Amino acid sequence: MTAQSKIKVDFATGNLSGHPLEQSVRTISDMKGYYLDERARQSLHPKQVVYRVQIADAARQGEEGGLLLGTTFIEPGLVGDEYFMTKGHFHRHRNRGEYYITVAGTGALILMDETRRTAFETMSPGSVHYIPFNTAHRVANTGESVLAFLACWPSDAGHDYEVIASRGFSGRLRKINGVATLIEEP
Ligand code: M6P
Ligand code: ZN
């Protein structure tokens with residue numbers, strides 16, 4: 001007996017299609033507090049899309065032993081000299097890892113361990129990034145086109161946004177003289 005998978009990935013764009021598929025959007029107004037230059041953020045249209053996330057079979061969230069698959073699309077853009085980026089999170093269950101696989105565009109995966117040591121890996125089509133457990137992760141679009149990446153993570157990992165929302169990462173990825181540079185926060 002053969003069964004047809006209900007979800008498909010378009011490897012040119014990263015777009016998922018089929019069902020069940022959950023989609024969410026983060027706009028400039030959703031990113032309040034995440035950027036250094038709050039005036040620059042306010043000068044942009046509040047409804048400007050920063051990134052979109054598609055999750056296949058999102059109902060599996062919370063299920064022990066399962067896996068989730070999603071695609072994130074980050075628009076190109078800057079808030080002051082900081083790139084459009086995801087909020088970033090630790091996993092609620094700290095001992096859960098994740099894979100990110102770049103499909104289109106160029107960017108940077110910013111990783112911060114629990115001692116607040118921050119580093120980044122450059123992302124380009126085909127690059128595979130393993131996010132170890134106990135590590136906060138955020139992606140910035142450092143290019144001129146949409147950055148799309150697939151993500152696969154344990155269904156019961158959960159998202160902990162608290163630490164990042166209140167203290168941020170210890171370094172910010174900023175465009176300095178045209179180059180993506182991780183600047184440590186004072
Ligand atoms: C990836 C996964 C998702 C995450 C999304 C956006 O697709 O890691 O779990 O929700 O990126 O990142 P964030 O939740 O930090 O905004
Ligand atoms: Zn994650």
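**Entry 1: the largest pocket**

I began with the lining of the largest pocket, which by class has 8 nonpolar, 10 polar and 4 charged residues. I note here that the model I am reading is a predicted one. The space in this largest pocket comes to about 390 Å³, and 22 residues line it, with Val 53, Thr 72, His 89, His 159 and Tyr 161 lying nearest its centre. When I looked up which strands contribute, I found that β3 (21–27), β4, β5 (67–74), β9 and β14 each supply at least two residues of this lining.

**Entry 2: the ligand**

Where does ligand 1 sit? I found ligand 1 in the largest pocket, and I then turned to the shell of 13 residues around ligand 1, of which Tyr 51, Glu 98, Tyr 100, His 159 and Tyr 161 come nearest. By class I sorted this shell into 6 nonpolar, 5 polar and 2 charged residues. Three strands, β4 (49–56), β9 (98–104) and β14 (147–154), each give the shell at least two residues.

**Entry 3: polar atoms around the ligand**

For His 159, I recorded a distance of 2.7 Å between an N or O atom of the side chain and an oxygen atom of ligand 1. At Gly 88 it is the backbone that takes part, with an N or O atom 2.9 Å from an oxygen atom of the ligand. Taken alone, ligand 1 exposes 370 Å², and I noted that the protein buries 97% of that area.

**Entry 4: the second largest pocket**

I moved on to the second largest pocket, whose volume is about 150 Å³ and whose lining is made of 13 residues, with Gly 33, Ile 164, Arg 167, Gly 168 and Arg 172 nearest the centre. Which element gives the largest share of this lining? I found that helix α2 (residues 162–167) does, with 3 residues. By class, the lining of the second largest pocket divides into 4 nonpolar, 3 polar and 6 charged residues.

Technical notes:
Residues numbered from 1 in each chain as written. Chains lettered and ligands numbered in written order. Predicted model: local features only at pLDDT ≥ 70, side-chain atom pairs only at ≥ 80, totals over all residues. Heavy atoms only, no water. Near = heavy atom within 4 Å. Polar contact = N/O pair within 3.5 Å; in protein donor to acceptor, adjacent residues only side chain to side chain. Areas by Shrake-Rupley, 256 points an atom, 1.4 Å probe, with all protein chains shown as cover. 1 Å grid on protein atoms, 1.4 Å probe; cavity = no way out; pocket = protein on both sides within 12 Å on 5 of 7 lines; lining within 4 Å. Sits in = over half its atoms within 2 Å of the grid points. Helix = DSSP H or I, 4+ residues; strand = E, 2+ residues; numbered from the N terminus. Nonpolar A, V, L, I, M, F, W, Y, C, P; charged D, E, K, R; others polar. Points joined across faces, edges and corners; volume = space filled by probe spheres on them.
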